[in-house]
Amino acid sequence: MSEEILKLVKLTKKFGGLTAVKDFSMTLNKGELLGLIGPNGAGKTTTFNLISGNLAVSSGNIIYQNNDITDLRPDQVADIGIARTFQNIRLMSGMTVLENMQLAFHIWNDYNILDTIFRTKKFKIKEKKYLEEINKTLKHFNILDYKNDKVDDLPPGIQRKADITRAILLKPDLILLDEPTAGMNPSETDELVEIIKWINKDLKISTILVEHDMRVIMNICSRIIVMENGDIIAEGSPENVQADKKVIEAYLGKSYQV
Ligand SMILES: Nc1ncnc2c1ncn2[C@@H]1O[C@H](COP(=O)(O)OP(=O)(O)OP(=O)(O)O)[C@@H](O)[C@H]1O
Ligand SMILES: [Mg+2]
């Protein structure tokens, strides 16, 4: 039997009278690349916000590597190896790409403030190692040339790639990608598909992908969960999900063709 990395048990989130996520249960196996799709307002981003600790759970549980993480804060969730990207990119405005990447490394910093001020040998060795890692990852994402540019000035596609790079630098075991191809042109999207495959297969990071581009989802996900009104309406292989009447009605549309 494959090993579970994440399990959601009857997860529920209420915003006043609105139940955005309703008794939602699912599991993600280690190494899996799962697609989470559904119409606008289905509860996909809210589910990510609950897992990452950005929103408090109303009821239900989040189990990660056999530990209950339901009540952890976002920084604690990041520390245990869950990284995410946001539907609205959250890079630090006014800072360069490199500076944004350096922020990712603060969780590893075991040197103290004196090390930083006096740039001790230990600090320099670590800094060099981090810079190498950042350069290598930026190069893999084909955005090394933008390293010293302020993030605000960059096209949306490049900002998206920088945001995913930042998440990868946290060396997560699980990554939650919220509409990573939004704002990308077709060639950037093709490039990102390869990057997501690389993240999942080569870096061995279990992945949940929320995405409206069905070409991307059907192409790379081994399993798909379809949400509507906060819960699952269908689940299965891309072939099965595409042929499901409920999914076609709720989301894909009657004229849908891949
Ligand atoms: N912080 C919030 N406060 C109140 N309501 C919210 C909040 N966040 C989300 N909602 C509501 O919860 C529901 C689910 O929203 P969510 O953003 O999770 O949908 P989604 O599936 O990500 O949609 P999309 O595909 O448009 O990104 C929506 O009705 C939304 O308006
Ligand atoms: Mg969303």
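Biologist: What makes helix α6 "largely enclosed" by the rest of the structure?

Modeller: The count of buried residues. Buried means under 20% relative accessible area, exposed means over 50%, and partly exposed lies in between, using a 1.4 Å probe and protein chains only. In α6, 13 of the 14 residues are buried, so the helix is largely enclosed. This is a predicted model: local features need pLDDT of at least 70, side-chain atom pairs count only at pLDDT 80 or more, and totals for chains, interfaces and linings use all residues. Residues are numbered from 1 along each chain as its sequence is written, chains are lettered from A and ligands numbered from 1 in the order in which they are written, and side-chain values use heavy atoms, without hydrogens and water.

Biologist: What span should helix α7 have, and which of its residues are buried?

Modeller: Its 17 residues, 186-202, should span 24 Å; the end C-alpha atoms are 24 Å apart, so this agrees too. The buried residues of α7 include Leu-192, Val-193, Ile-196 and Trp-198. Glu-188 is also on that list.

Biologist: What sits at the two ends of α7?

Modeller: At the start, a side-chain oxygen of Asn-185 comes within 3.1 Å of the backbone nitrogen of Ser-187. A polar contact is a pair of N or O atoms within 3.5 Å; within protein, one must be able to donate a hydrogen and the other to accept it, and residues adjacent in sequence count only if both atoms are side-chain atoms. Just after α7, Lys-204 has a positive phi of about 60 degrees.

Biologist: Why is Lys-14 called partly exposed?

Modeller: Its relative accessibility is 48%, so Lys-14 counts as partly exposed. Lys-14 is found in strand β1.

Biologist: How do you know that β1 and β2 pair?

Modeller: Two strands pair if DSSP finds at least two bridges between them. Eight bridges join β1 (4-15) to β2, and the two run antiparallel. Phe-15 has Leu-18 of β2 as its bridge partner. The hairpin has two residues between its strands, and Gly-16 takes a positive phi near 60 degrees there.

Biologist: What is the strand order of the open sheet, and which strands stand at its edges?

Modeller: Four strands run in the order β2-β1-β4-β5, with antiparallel pairing. β2 and β5 (67-68) stand at the edges; each has a single partner strand, so one side of each lacks a neighbour in the sheet. Between β1 and β4 (59-64) there are five bridges. Lys-7 has Ile-63 as its partner in β4, and Val-9 stands opposite Asn-61.

Biologist: In which sense does β9 pair with β3, and in which with β10?

Modeller: β3 (33-37) and β9 pair in the parallel sense over four bridges, and Ile-37 has Val-226 as its partner in β9. Five bridges join β9 to β10 (231-236), which run antiparallel. Glu-228 has Asp-231 as its partner in β10.

Biologist: What makes β9 "mostly covered"?

Modeller: Five of the six residues of β9 (223-228) are buried.

Biologist: Which residues come nearest to ligand 1, and which element gives the most to its shell?

Modeller: A residue is near a molecule or strand if one of its heavy atoms lies within 4 Å of it. Of the 14 residues around ligand 1, Asn-40, Lys-44, Thr-45, Thr-46 and Gln-87 come nearest. α1 gives the most, with three residues.

Biologist: How far are polar protein atoms from ligand 1 at Asn-40, Ala-42 and Lys-44?

Modeller: A side-chain N or O atom of Asn-40 is 2.8 Å from an oxygen atom of ligand 1. A backbone N or O atom of Ala-42 is 3.2 Å from a ligand oxygen. A polar side-chain atom of Lys-44 is 2.7 Å from one.

Technical notes: The expected span of a helix is 1.5 Å times one less than its number of residues.
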